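The following report treats a ligand shell, a helix pair and a domain contact in turn.

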Amino acid sequence: MNLFQVYPLFNINPVKAEGSFLWDDKGQKYLDFYGGHAVISIGHNHPHYQNKLKSQLEKISFYSNSVQNDLQTELAKKLGELSGYENYSLFLCNSGAEANENALKLASFHNGKQKVIYFSGSFHGRTSAAVSVTDNPKIVAPVNFSERFIKCEWNNVAQLKQLFAENQGEISSIIIEGIQGVGGIVLPTEEMIQTLKNLCAENEVVLIMDEVQSGYVRSGKFFAHQEFDIQPDLITVAKGMGNGFPMGGVLISPIFKASNGLLGTTFGGNHLSCAAGIAVLEVIKNENLLENSEKMGAYIESEIQNFNHIKSIRRRGLMIGIELDQPCAEIRSNLLMKHHVFTGNSNDANVLRILPALNITEKEADIFIGALNSVLEN
Ligand SMILES: Cc1ncc(COP(=O)(O)O)c(C=O)c1O
């Protein structure tokens, strides 16, 4: 059987990884400043993560959500403490799209309404409702299309107010990324966030904050939205949560009532994934990665800001968008092929996306900085 080829692939086959480095099958070493789409939060194969997973494997790796699972409770407690959302509850699932799918559904169950507002430039995943609120017609199949999903221009407060007025009483939820990632590291304005907050409160609309990419300390705060005075009703997480172990979750405000069967999943919250999730939170706390994320992000920004061809840098913590005065494809390819550094692209052709592990050192940052300088000079 052949693979169904939907991915453009680099001709690189990584067989080993440690911290911020990968090695391919020919022994070539690479610096990973992208974490496989923002997934690697505490570094590849962190010893604490490895030990936690290994010892869990020796005990039990899976049973369904029909039995008690103390690891889920421990994970929820630690996540609540570290994120500042101790009074919220947690629903565990397997990916970012699934987290958003459940959040959109929960909002609609809660208020009985059908319409959803989303933003230009958004990416919320590829499952049914999640892709319907994703601003990329190429990945929205006809079966996913519905006029119930209404697009608002990013940071356009006047349009947002108008959409609320035009659809009064019909909007169930509004979904927004803490920081747009796939869109090219695009930040919301304070004005937009405050407007959203007020409109949602006045109109009984559920505010869903997608922190799948911007959450878990990526932005220098536990959640990117914590830069503002706002508490979303639902917060979705995935990516960095499992450091490569597939998992996702929805943090749910106390206004929502749980009932048997309302949401569900076979694999979500399984023992192995919880062990991975707990290990990630423990490393974030014990190694003070919140501080490192902002410190190293600021260091990289200050070192590269005067490089040739850089038009602007959009950054929070270690979520960095480098806007070039030209498309970044060739720069990215040179970084990888000549300097062996992984970086990411985005839907904005000129923006290079930098998402290293949260525990990078200055020495590792310097490798990236030197490589970037070299490719931008030539
Ligand atoms: C903000 C955001 N939400 C949701 C998703 C979808 O996550 P997943 O690929 O785990 O389904 C992504 C993936 O890139 C994302 O960046």
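Which of the 15 residues around the ligand come nearest? They are Ser-95, Gly-96, Ala-97, Gly-125 and Val-212, where a residue is near a molecule if its C-beta atom, placed from the backbone, lies within 6 Å of it. The model is predicted, so that local features need pLDDT of at least 70 and side-chain atom pairs count only at pLDDT 80 or more, while totals for chains, interfaces and linings use all residues. Residues are numbered from 1 along each chain as its sequence is written.

Helix α4 (residues 96–111) gives the largest share of the shell around the ligand, three residues; helices are DSSP runs (H or I, at least four residues) and strands likewise (E, at least two), numbered from the N terminus.

Helix α2 (residues 47–57) packs against helix α8 (residues 271–286) at an angle of about 155°, and their axes, lines fitted to C-alpha atoms over the stretch in contact, are 9 Å apart. The two are therefore roughly antiparallel (angles over 145 degrees, on a scale from 0 to 180 between N-to-C directions).

The domain assignment, automatic or from a database, gives domain 1 (14–46 + 289–377) and domain 2 (48–286), with C-alpha centres 26 Å apart. Their contact (C-beta atoms, placed from the backbone, within 7 Å) takes 25 residues from domain 1 and 27 residues from domain 2. On the side of domain 1 that touches domain 2, these elements give two or more residues:

| Element | Residues |
|---|---|
| α9 | 289–304 |
| β11 | 310–316 |
| β12 | 319–324 |
| β14 | 351–354 |

The largest share of that side, five residues, comes from α9.

Terms used. Parallel < 35°, antiparallel > 145°, perpendicular 65-115°, else oblique. Contact = placed C-beta atoms within 7 Å.
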